[in-house]
Amino acid sequence: MVIVTTIRRDVVTLPAARLGPSNPLPPLRPLDEVHRVDERDLEGLPFGMARQIRYEPLHSILPERVRDGYGRTRAPREIDTIVIENERLRATVLPGLGGRVASLFHKPTRRELLYRNPVFQPACFALNGAWFSGGIEWNIGATGHTTLSCAPLHAARVPAPDGGEMLRLWEWERLRDLPFQVDLWLPEGSDFLYVGVRVRNPHERPAPVYWWSNIAVPEERRVLAPAEEAWQFGYERRLRRVPVPRHDGVDRTYPLNSTYPADYFYEVPDGRRRWIAALDDEGNGLVQTSTDGLRGRKLFVWGAGSGGRRWQEWLTEPGTGGYCEIQAGVARTQLEHVRLDAQSGMSWLEAYGPLSADAETVHGADWGAAVHETEARLADTLPRADVQAAYEAWQPCADTEPGEVLAVGSGWGALEVLRAAPELPGTPFEESTLGDAQAPWVELLRTGSFPEPRRAGPLGETLVAPHWRDMLETAPAQPLTEYHLGVAQWHAGDRAQAVRSWERALALAPSLWPLLRCLAVADRTAGHHERAADRYAEAFDDLCHERRDDGEAWTAATAALGREAIAALLAVRRTGDARAVWERLRAVTREQGRFRLVEAQLLVAEGDPRAARAVFDRGFEVADLREGAEVLGDVWARVSDEPLPQRYEFRMRPAGE
């Protein structure tokens with residue numbers, strides 16, 4: 001009996017941590033991104049690569065907010081899924097979590113082709129914080145994991161090129177203001193999941209584009225790609241060309257042969273078929289291939305060192321096995337952004353499926369033979385011409401309007417359609433998806449005036465694109481309008497005007513703490529640390545007086561502002577004032593691991609390293625510890641001469657580098 005391809009809703013139950021509320025304070029500080037290259041290192045790079053590394057790197061995650069409200073307490077939770085299935089493959093998609101393909105199961109061999117995380121545990125790896133490991137993720141926006149990692153996407157059924165059905169995912173990416181779509185389908189009898197991707201620029205100006213498809217696979221594999229060289233990037237922030245497979249006397253195509261986390265961007269020659277595979281000791285595993293528009297290929301390894309092992313445990317559960325990532329992107333490296341002209345788009349097709357090759361050859365000493373064997377098996381299983389033909393068959397379907405809606409994303413795309421009415425066939429952003437977050441901006445668009453809040457509380461998100469900034473500049477100069485205008489001006493680099501806007505709003509604003517906090521950030525950025533500390537202390541005092549209840553929004557605002565205020569006060573050695581802020585935090589906040597670390601820092605500043613050491617000895621977990629952060633080791637070094645305990649060992653580079 002032939003089983004046709006089906007698409008259905010389902011749920012999966014996992015031990016899951018709550019995402020919690022987003023940080024209500026606009027992220028005004030420069031982006032804390034570890035994937036940056038020193039300008040001096042760009043001189044020796046190929047011209048095109050250096051140009052694209054310099055091309056509009058992201059400096060802020062506005063208009064997004066930081067997602068840091070999650071913890072590390074997990075409980076069984078049902079997560080919505082969409083399952084695409086034929087008689088050979090079953091793909092499980094998480095539409096509410098960035099459209100992640102959580103599982104790709106090959107039925108004839110009964111093998112899971114991906115690393116499937118047995119838990120849902122957010123950690124601070126996305127550009128805006130919350131991210132989780134496992135599966136296939138779609139990264140768009142800028143260097144790093146997308147801000148949509150833990151956000152819902154729109155999803156619907158669409159006719160597939162072969163007459164069956166495919167699943168369309170789409171959203172409006174807000175860092176670059178670009179709509180995108182991901183179409184997934186399984187042709188009848190196919191061992192490969194096909195994925196058509198399109199990114200469009202509906203604006204009158206060029207836009208920088210970043211895209212990397214990240215595939216998590218078990219790390220006990222050899223990773224193969226058609227390359228003799230790679231660009232190696234570690235957390236020392238150096239990009240250098242290295243040979244493949246052996247570098248510094250070690251075969252780096254085996255993830256566990258490295259000590260520290262690192263990226264290897266493979267230099268695939270022009271004209272060569274684009275593919276990457278991860279094969280186990282028996283020569284079996286996953287292969288990803290694509291049309292030539294998806295140029296880059298990469299291996300990310302955690303390494304076998306103590307820091308990498310600790311991160312692996314942090315992102316899942318001890319004893320569940322580690323993973324590495326094989327990836328594919330539009331540029332040679334993830335440090336680059338490519339130009340997308342105005343009123344244009346880019347698209348490509350990817351294919352994911354099982355591959356079996358001769359194990360002795362794959363794991364032999366002759367790298368050329370291993371690559372040739374893998375590529376030959378891929379050619380037998382899925383010829384390059386078939387991928388190109390599938391791409392050409394999909395292109396006319398990319399504009400097809402979706403049918404049954406299976407999941408709903410945000411209302412931000414609908415707001416942009418309401419503003420500019422761009423022609424985006426195939427990806428409708430319906431007005432019905434507009435919600436409370438978009439409501440004041442709809443009023444600004446329709447009336448020219450930004451509405452003042454009806455009740456006290458943390459302020460909503462600020463839109464910072466030039467067209468919204470222009471509208472704010474011509475709107476009546478009410479306090480909330482001036483606040484949002486200041487944030488938009490700050491984002492545009494006009495910091496003096498931003499400060500003036502916030503200062504004008506102070507005279508009439510019923511709520512002072514959001515403005516005082518913005519001014520404090522401006523002072524600290526400009527090097528006026530004492531004045532910044534004064535404003536932070538005043539802002540926190542005003543918030544505590546204004547706070548209406550113990551609800552989630554107020555608690556998140558108090559925690560976020562308190563954390564910043566303590567750091568600013570300690571920076572100018574005002575430990576007494578910092579302690580006063582600490583004492584006014586809610587007990588539930590002070591018990592969180594991230595605030596146990598703050599307590600240790602406070603105790604060190606007060607000259608009591610023994611008490612600070614006791615905080616470490618009691619144990620804590622900083623749920624939002626940032627990728628590459630070394631703060632735990634830095635504080636420990638001030639309280640003890642002993643080696644850093646393993647539970648706090650998250651260092652991703654050799655000491656002192």
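Arg 563 is partly exposed, with a relative accessible area of 27%, where buried denotes a relative accessible area under 20%, exposed one over 50%, and partly exposed the range in between (1.4 Å probe, protein chains only). The model is a predicted one, in which local features need pLDDT of at least 70 and side-chain atom pairs count only at pLDDT 80 or more, while totals for chains, interfaces and linings use all residues. Residues are numbered from 1 along each chain as its sequence is written, and side-chain values use heavy atoms, with hydrogens and water left out.

Arg 563 takes part in a salt bridge with Asp 624, in which the closest N and O atoms are 2.9 Å apart; the term salt bridge refers to a side-chain nitrogen of Lys or Arg within 4 Å of a carboxyl oxygen of Asp or Glu. Because Asp 624 belongs to the loop between helix 17 and helix 18 whereas Arg 563 belongs to helix 13 (residues 552-571), the pair ties together parts that are 61 residues apart in sequence. Helices (H or I, at least four residues) and strands (E, at least two) are DSSP runs, numbered from the N terminus. Asp 624 is buried, its relative accessible area being 11%.

The loop between helix 17 (609-618) and helix 18 (631-637) also holds Glu 621. The side chain of Glu 621 meets that of Arg 72 in a salt bridge, at 3.4 Å from N to O, and this pair links distant parts of the chain, as Arg 72 is found in the loop between helix 1 (47-54) and strand 2 (74-85), 549 residues apart from Glu 621. Glu 621 is partly exposed at a relative accessible area of 37%, whereas Arg 72 is buried at 19%.

A further salt bridge joins Glu 404 to Arg 9, with 3.7 Å between the closest N and O atoms. Glu 404 lies in the loop between helix 5 (384-394) and strand 27 (405-407), and Arg 9 in strand 1 (residues 6-17), so that parts 395 residues apart in sequence are tied together. Glu 404 is partly exposed, with a relative accessible area of 39%. Salt bridges also link Arg 8, Asp 10, Glu 85, Arg 90 and Lys 107 in a network, and a search of the whole structure finds 50 salt bridges.

Turning to the strands, 9 of them form an open sheet with antiparallel pairing, in the order 15-21-22-26-12-11-10-9-27, two strands being paired if DSSP finds at least two bridges between them. Strand 15 (222-224) and strand 27 stand at the edges with a single partner strand each, and therefore one side of each is left without a neighbour in the sheet. From one strand to the next, the twist averages 20°, where axes are lines fitted to C-alpha atoms, for helices over the stretch in contact, and angles run from 0 to 180 degrees between N-to-C directions. Strand 15 pairs with strand 21 (residues 274-279) over 3 bridges in the antiparallel sense, and Leu 224 has Ala 277 of strand 21 as its bridge partner.

Strand 16 (residues 229-234) is mostly covered, since 5 of its 6 residues are buried. Strand 16 pairs with strand 17 (residues 239-243) in the antiparallel sense over 5 bridges, with Ala 230 opposite Val 242. Strand 16 is also joined by 5 bridges to strand 20 (residues 262-266), the two running antiparallel, and Trp 231 has Phe 265 as its bridge partner in strand 20.
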